[in-house]
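Here is a walk through one structure.

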Amino acid sequence: MTLDPKDPKSLQKAIDALPKDGTLYVPKGEWHTGPLHLKSHMTLEFDPEAVLIFSPVMEDYLPPVFTRWEGVECWNYSPLIYANEARYITIRGAGRLVGNGQAWWPWKKLQKEAAIRLCSAQSQGIPPKDRIFATRKDALRPSFLQFINCQDVLFEDFTIEDGPQWTIHPVYCSNVTARRLHVFTSGPNTDGFNPDSCENVLIEDCEFSTGDDCIAINSGMNEDGWRVNRPCRQVEIRNCRFNGGHAAIAIGSGMSGGVENIFVHHCTINGTERGIRLKTIPGRGGYIRNVLFQDITIRHIPLEAIEISMAYGSSTVVPLSQALPHIEEITFSRISGNDLATGVSLCGLPESPLQNIHLDEVNLPGQHPDRLEYVTLA
């Protein structure tokens, strides 16, 4: 099939025509495209000089698709790259994916009403099939790249820039590998990589500079997170570089389905607002446990190098319940750094203290004293 770089449907037509185990190779040059919906047993490969420029027109991302928006299931605009219930998908090659997120970012100021409706849907008994958004009035921005209910996924070598909201967002996926990616974003809520209720995820040798958290591990929000009840677990992050963003590595605040068995090691953090951040609030429920941060260097941090907070103050919607989250068995080992405002801040709740927090060879001298409240150190 002949590809047309100016036809926004050309790449999708080629994907639809691929045989099983087929590869779509995108040659060098600029390729203007609408959303790309991938399928099982395929490879999407980029020439090193290929640039995919995604449409800034919102209506190009209709009809709505099944998705999870900030931890709540609904039907919304299609992500720019999307797959649902697929296996054995590879995206590779040193090309650039440009999301034109600037067209979507003003919606941050318009989303509040729809976000409240969505986040209260489960408590009102509204099933996901009836949570239909995808209008300019609702203003709920899609993720850049979202695979949902997928298995055996490989992302390798590409650069991805400035999508509408969360950048790489696997949901309910297993066996996901991300290797040598470069994620550069600057808009609101443009997190870099958000494993969401996933299992067996490896993120290695990647570089991040983002408009929000570089990597944020999640598992659903409040009542809808409890309904789905799928933890995010068995996640390894290694040999990554974090050069800008809110937190380099965050867990939460959407952790209502639970987060466990996370290993982050041999990473460098330089110039993010915070280094490592675990965040939640009363009303989330859920848990974070069995997490190891090891052999990490943290430099030039204007806030906390390490923070665990159970009173996170920037939630999109205030929870309706007071279900208490629980955080336990968190280890920080061989963590060092300099030029830090605060080294360590660990703050639990009187009703739910932090349990068994291990600090082993942590050398993070800050301008302000460390803060420890409602925490049991092991």
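The text below takes the strands, then the salt bridges.

This is a predicted model: local features need pLDDT of at least 70, side-chain atom pairs count only at pLDDT 80 or more, and totals for chains, interfaces and linings use all residues. Residues are numbered from 1 along each chain as its sequence is written, and side-chain values use heavy atoms, with hydrogens and water left out.

Start at strand 12, residues 151-156. Helices (H or I, at least four residues) and strands (E, at least two) are DSSP runs, numbered from the N terminus. Five of the six residues in strand 12 are buried. Buried means under 20% relative accessible area, exposed over 50%, and partly exposed in between (1.4 Å probe, protein chains only). Two strands pair if DSSP finds at least two bridges between them. Strand 9 (residues 87-92) runs parallel to strand 12, joined by five bridges. Here Ile91 has Phe155 as its bridge partner. Strand 14 (residues 174-179) also runs parallel to strand 12, again through five bridges. There Phe155 stands opposite Ala178.

Now the charges. The whole structure holds 27 salt bridges, each a side-chain nitrogen of Lys or Arg within 4 Å of a carboxyl oxygen of Asp or Glu. Asp224 and Arg227 form one, with the closest N and O atoms 3.0 Å apart. Both lie in helix 3 (residues 222-228), three residues apart, about one turn of the helix. Asp224 counts as buried because its relative accessibility is 2%. Arg227, at 35%, counts as partly exposed.

Arg334 and Asp295 come within 2.7 Å, closest N to O, in another salt bridge. Arg334 belongs to strand 25 (residues 326-347) and Asp295 to strand 24 (residues 287-309), so the pair ties together parts 39 residues apart in sequence.
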